[in-house]
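I opened this entry to look up a few things in one model. My notes follow in the order I took them.

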Amino acid sequence: MSSHETRPCVPDLKKERLKCDFNVEELTNLIDGGKEKTALRRKLRSVISSESAYIDPIPPEYMSHEDQFSNELRKTCHTAMLMNKQNIDIKTLQLSKAYIGVLKDGDPLWVHYHVFIPSITGQSDPEQQKIWMEKIRTWKIFGTYAQTELGHGTFLRGLETTATYDRETREFILNSPTITATKWWPGGLGHTVNFAAVMAQLYVGGKCYGPHMFMVQLRDENTHESLPGVTLGEIGPRFGLNTNGNGFLRFDHYRIPRRNMLMKHAQVLEDGTYVKPSHSKLSYGTMVRVRVGIVRDTCIQLQQAVTIATRYSAVRHQSELIPGEPEPQILDYQTQQFKILPQISSVFALFFAANSVIDAYYSVTAQMDLGDMSLLPELHALSSGLKALSASDASRGVEICRLSCGGHGYLASSNFPRLYTQTTCAITYEGENTVLWLQVARYIIKSYRSAQNGNNLKHSVSYLSKQPRPVRGDLSNNGLLEAFKAAVFKLVSDTEGRIQRVCAKGQNYHMAWNQCSLQLLKCAEAHTRFYVCEQFVRKVEMAKGTENVKKILKNLCRLYLTHHVSVNSGDFLKSGSLSQNDIAVLEEEMCSLLEVLRPQAVSIVDAFDFDDGQLNSCLGCWDGDVYQRLYDEALKSPLNKTDVPEAYYKYLRPLMQVGLKSSL
Ligand SMILES: CCCCCCCCCCCCCC(=O)SCCNC(=O)CCNC(=O)[C@H](O)C(C)(C)COP(=O)(O)OP(=O)(O)OC[C@H]1O[C@@H](n2cnc3c(N)ncnc32)[C@H](O)[C@@H]1OP(=O)(O)O
Ligand SMILES: Cc1cc2nc3c(=O)[nH]c(=O)nc-3n(C[C@H](O)[C@H](O)[C@H](O)COP(=O)(O)OP(=O)(O)OC[C@H]3O[C@@H](n4cnc5c(N)ncnc54)[C@H](O)[C@@H]3O)c2cc1C
């Protein structure tokens, strides 16, 4: 039992917390990555919580677009100052969950920290890094990642911004030749940053060498005015993240020095000689890195959503379960448990997957630094698949959590609208999900074919070498993983066979690929799901700690497996890896797991250890005083400042005074 259950809360939550049969703190430590990390996060959180600068003067929902932006820019700049004053590396703060909830609807400097700086460190040579990183460190340079254009986001080879080398002056001339060449979306570009890492088509001596990255100054370092030859602005209100400062940018024959091309991988020498990189896609390295980070970010957003939904479901009473008996907590309905508990299991699945892809990223990039590029395609497939899976699972999960809270989930004060807009945009940015699934599929099909030709496969796809033969009736975790392998193998071999059949009818390969792309998507998702399940099983097997925490992890893992087998039962049946009876047994097990996990649900989400300020939700507060908070929040509406609003005198009263002339 945990010590924090002594804090005051409504009787329903007290009762839930008393049921806790595991050490909440131990689970918190596991999620943080160790006791020390929990302590560090809490220390950072106490620094953040004591800052009055983070208090919004009024709820941001009631501010104008400009005031919202200014308020969040104020807070993000305050953070930079504060961390400097406290001698804390800002990265440490951002990597812990302590900073969650400070910025409400985006951060004008998010892309600077998480995309621009990694571009400089990952794409520029040591000399360039030394110069630029010093200016970044001393706040002379704030930057964005300007890649997407009005006409192209996905298809990078279609980008239209040009960077043409002028051998005479040893400069590049940046130009936006068409309206569709306008850079569109980069975070902070609108009015925050003064530099950008710009992706442009490199031209030397009339020859195009494809997209390359350039460091470009956009605004004067003193006046912040946009420089001649550069046109800049903000792209207007969005579905969410309205304070990210997403902007547009056009160049009119704008000159930058030769050494402003990021030259770690490819170079243009003074005489115009082009030195090509050791792998053609190395300039896409920033995207791989950010995709890896998204898995963790979306996992944290889902943690927030499921904490709110679980606590609310323990407090909310509705209807009758047994006629005549008191209204039960809605968490007692099996259907409600089915909404919430699989989302909790998803949090853990994404958590373990995020850790494993981060490890893979660091080990592959270390090998690449030594000149070995052989693992890059596997890393690209893995990071693309996990980005797509985590973004879609988390955003679906957040929406399910919102729906599980009924009408109150639709209120801004539940915080679901913001959590949803934060999560769903990850489906689009950093590679639209469908497009990334197709990249995964490309890798799987190539691997499958390579195995058919007798070659060895990389670790994550090695099971595609030969038809897996699961043991019938083995429903253990390992048995289910074998069944997964067989189901994915069948999907992949069927899809590859179908591509061949379409080609045999005279269709070219690319058209055949398009005609099979629905199945290809299924292959990619099933392969990635298998990876996540395997990581979950292995990490739980390896988990150290007390038996009761291990039991929670085992049950959540089992719930994840049985849930995903049930959702995709058709694939298992078609491959023959599971029988109808197996599926029925597993679905029954899933239902009993809901019952087993239900009493621990509140304590599991307590272990995510968000404070009320971070959740920013009337429904998810620690003490469960939901109704009073909802009422108090409603009173903050500016419309409630007067009994009769101005709009009544302007519109409603004149209408009422005229009266309806005809009887219709
Ligand atoms: C309050 C809270 C605050 C929160 C704030 C949140 C803020 C949010 C901020 C949001 C910030 C958002 C910031 C943003 O959004 S930044 C913009 C992000 N943009 C994208 O991600 C664009 C997506 N497009 C691409 O990545 C590529 O164009 C694709 C992949 C589609 C094809 O590309 P292309 O047409 O050029 O390729 P190809 O078809 O000729 O060839 C394919 C070959 O290339 C290989 N290949 C491809 N890619 C990679 C790679 N990376 N590493 C290694 N290899 C790679 C591939 O395996 C294949 O190999 P092979 O099979 O031939 O051997
Ligand atoms: C909140 C947010 C922040 C962003 N921040 C940045 C930033 O900081 N810097 C930056 O450079 N960009 C940024 N972007 C842009 C983002 O990276 C792109 O929007 C994204 O890569 C998708 O590209 P697109 O908009 O061109 O979509 P499109 O590619 O036009 O997609 C439209 C539809 O076409 C489909 N489609 C496209 N190609 C294919 C294909 N080959 N096969 C099958 N279907 C296909 C897609 O699946 C989708 O359904 C941001 C976007 C958002 C929403």
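Which helix gives the largest share of the shell around ligand 1? I looked it up: the helix is H12, with four residues. The model is a predicted one, so I checked its scores next.

Confidence. I noted an average pLDDT of 96 for the protein chain, with 99% of the residues at 70 or above. The model has an ipTM of 0.98 and a pTM of 0.97.

Ligand 1. I found 32 residues around the ligand, and Lys281, Tyr284, His380, Tyr429 and Gly431 come nearest. Helix H6 (110-123), H8, helix H10 (376-404) and helix H12 (433-452) each give two or more residues to this shell. Sorting the shell by class, I got 15 nonpolar, eleven polar and six charged residues.

Core. I then turned to the largest nonpolar core, which has 164 residues. The members that touch the most others are Ala196, Ala197, Leu350, Ile444 and Phe536. Helix H8 (residues 285-315) gives the most to this core, 16 residues. In soluble globular proteins, nonpolar side chains tend to be buried together.

I picked out alanine 196 and skipped its neighbours within four places in sequence. Its contacts are then Gly143, Thr144, Ala146, Pro186, Leu189, Val216, Leu218 and Leu249.

Helix H2. In this helix (residues 24-32) I listed Val24, Leu27, Thr28, Asn29, Leu30 and Asp32 as buried. These buried residues pack against helix H3 (35-49), helix H16 (547-567) and helix H19 (601-606). Just after H2, I noted that glycine 33 has a positive phi of about 95°.

How values were computed:
Residues numbered from 1 in each chain as written. Chains lettered and ligands numbered in written order. Predicted model: local features only at pLDDT ≥ 70, side-chain atom pairs only at ≥ 80, totals over all residues. Core = buried A, V, L, I, M, F, W, Y, C linked by C-beta atoms within 7 Å. Buried ≥ 20, exposed ≤ 12 C-beta atoms within 10 Å, placed from the backbone. Contact = placed C-beta atoms within 7 Å. pLDDT = per-residue confidence, 0-100. Near = placed C-beta within 6 Å. Nonpolar A, V, L, I, M, F, W, Y, C, P; charged D, E, K, R; others polar.
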